[in-house]
Amino acid sequence: MPDFVGAVDQGTTSTRFMIFDHGGNEIARYQLEHEQILPRAGWVEHNPTEIWERTRAVIETALNRAGLVAADLAALGITNQRETTVVWNRTTGRPYHNAIVWQDTRTDRIASALDRDGRGDVIRHRAGLPPATYFSGGKIQWILENVDGVREAAEAGEAIFGNTDTWLLWNLTGGIDGGVHVTDPTNASRTMLMDLETLDWDDELLSFFGIPRRMLPAIAPSSHPGLYGTTRRGGPLGGEVPLSGDLGDQQAATVGQVCFEVGEAKNTYGTGNFLLLNTGTDLVRSEHGLLTTVCYRFGEEPPVYALEGSIAVTGSAVQWLRDQLGIISGAAQSESLARQVEDNGGVYFVPAFSGLFAPYWRSDARGAIVGLSRFNNNAHLARATLEAICYQSRDVVEAMRQDSGVTLDVLRVDGGVTANDLCMQIQANLLGVPVSRPVVAETTALGAAYAAGLAVGFWKSKDELKQNWQEGRRWEPQWSEEQRAAGYAGWKKAVERTLNWVDVS
């Protein structure tokens, strides 16, 4: 068997290709950003064709730099920004519209209407999700209703849908020349269209959005040796490689962090924050604002579920300090600036730029900076931004404890923001439990590689994957319970100030 496994990690701001060996060690990587298209306030789009071109380029470049070819890869896995919606023509391969990104809020009226007549309760029970702009179903409906010719093409079987995993799988396996139209349960569970118990598209849910079933991809296990096809000769890999793993990015990070036991949790700090708690084969329905989602399904094993807290704006709040306010020149400077002050000086920043996600689910909320006085400066705002990342995660941990009864012993973390030592120390302080970062921080790509490699026998079992995990850094809490309680009370007051800002009818 070849010595390596490859993984495409198609994210919100960039696409990377990584190659791992049997020990889970990184052998090579290459990464390219893509354009963030912002047509109007609240709208966020990507160009699907650009994403496919970037994917080709990162695969080819990483292989060339490592001196490898397709035959050196035992398998290929894909992980992706979830909920981001692409609709394209199966005959021409051309998208009908830019991809509508998970952060986009144009479907707020669609989401609100679902709750007014009781359909929202059906979605919550069957799909495990609240009606929200976040998910794919409303985005598909918007394209069907607003882009000329798409409704007719969909009913004729010409217009097809996929999140970015499906779009890339279809292109990698041939595109208009026999491309496989498929997704996995982790991605399908983010649409508001899949029944969590049957792991199949639900006709009643489809009717809520007016979506023809024939638009939708087949749903295959997250790790499977044959259902995703192989890459085509002449494609970016230059040869046939089994496409045997597919996981939404946050579930991939959970697999990469080897959170295979009930009660184990990880938090990924990226554009947003995403905290997943493994609930095993039990489908735990949240009563405290979390999502019930599929964590993974390997082969013919029963699906494993998770509770998830999805937070829209965390790392992107740091980008806002850089790009919109200009008070830092790069993400790393947020730490050095925040260290200039001992605390937030009474300032709280709630970055509800596109509403509040878990556990509030308030699309009427907008960002607010509160508690300002003449005393405060840009260092206090930088520190308040790092604290906002951590307070939002505290909100989710509290909701998970209420839903599951699980009190965390440790929080495993990954993602770009974990390079910020101060932010991770603040997180440990606010939670009152240790925060642990692994040696291999790119757990999203690693999880996709694990899913693909398990399917073809490159790795024999989940126990073998656990042996690969090693702790790289640990932060112990330093605050007292009184400090935690006082800080959190201030945060909750700040969140209240963001609500009812936008009229949503």
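This is a predicted model: local features need pLDDT of at least 70, side-chain atom pairs count only at pLDDT 80 or more; totals for chains, interfaces and linings use all residues.
Residues are numbered from 1 along each chain as its sequence is written, and side-chain values use heavy atoms, with hydrogens and water left out.

Helices (H or I, at least four residues) and strands (E, at least two) are DSSP runs numbered from the N terminus. Two strands pair if DSSP finds at least two bridges between them. Axes are lines fitted to C-alpha atoms, for helices over the stretch in contact, and angles run from 0 to 180 degrees between N-to-C directions.

**The seven-stranded sheet**

The order S16-S17-S15-S14-S20-S21-S22 describes an open sheet of 7 strands with mixed pairing. Its edge strands, each pairing on one side only, are strand S16 (291-296) and strand S22 (471-475). Neighbouring strands of this sheet are turned by 30° against each other on average, direction ignored. Asn 267 has Val 413 in S20 as its bridge partner. Helix H13 (residues 421-431) packs on the sheet, where it touches S14, S20, strand S21 (435-438) and S22; the direction of H13 makes about 60° with that of S22.

| Strand pair | Sense | Bridges |
|---|---|---|
| S1 (residues 4-10) and S2 (residues 14-20) | antiparallel | 6 bridges |
| S14 (residues 265-269) and S20 (residues 411-414) | parallel | 3 bridges |

**Packing of H1 and H6**

Helix H1 (residues 48-66) packs against helix H6 (residues 164-172) at an angle of about 60°, and their axes are 11 Å apart. That makes H1 oblique to H6, since angles under 35 degrees count as roughly parallel, over 145 as roughly antiparallel, 65 to 115 as roughly perpendicular and the rest as oblique. Contact means heavy atoms within 4.5 Å. On the H1 side, the contact is made by Pro 48, Thr 49, Ile 51, Trp 52, Thr 55 and Ile 59, and on the H6 side by Trp 167, Leu 168, Asn 171 and Leu 172.

Buried means under 20% relative accessible area, exposed over 50%, and partly exposed in between (1.4 Å probe, protein chains only). In H6, 9 of the 9 residues are buried, so this helix is largely enclosed by the rest of the structure. Gly 174, which follows H6, has a positive phi, near 130°.

**The surroundings of His 46**

His 46 is found in strand S4 (residues 45-46). His 46 is buried, with a relative accessible area of 0%. Residues touched by His 46, not counting those up to four places away in sequence, include His 34, Glu 35, Ile 51, Gln 81 and Asn 98. The C-alpha atoms of His 46 and Ile 100 are separated by 6.7 Å, although the two residues are 54 residues apart along the chain.
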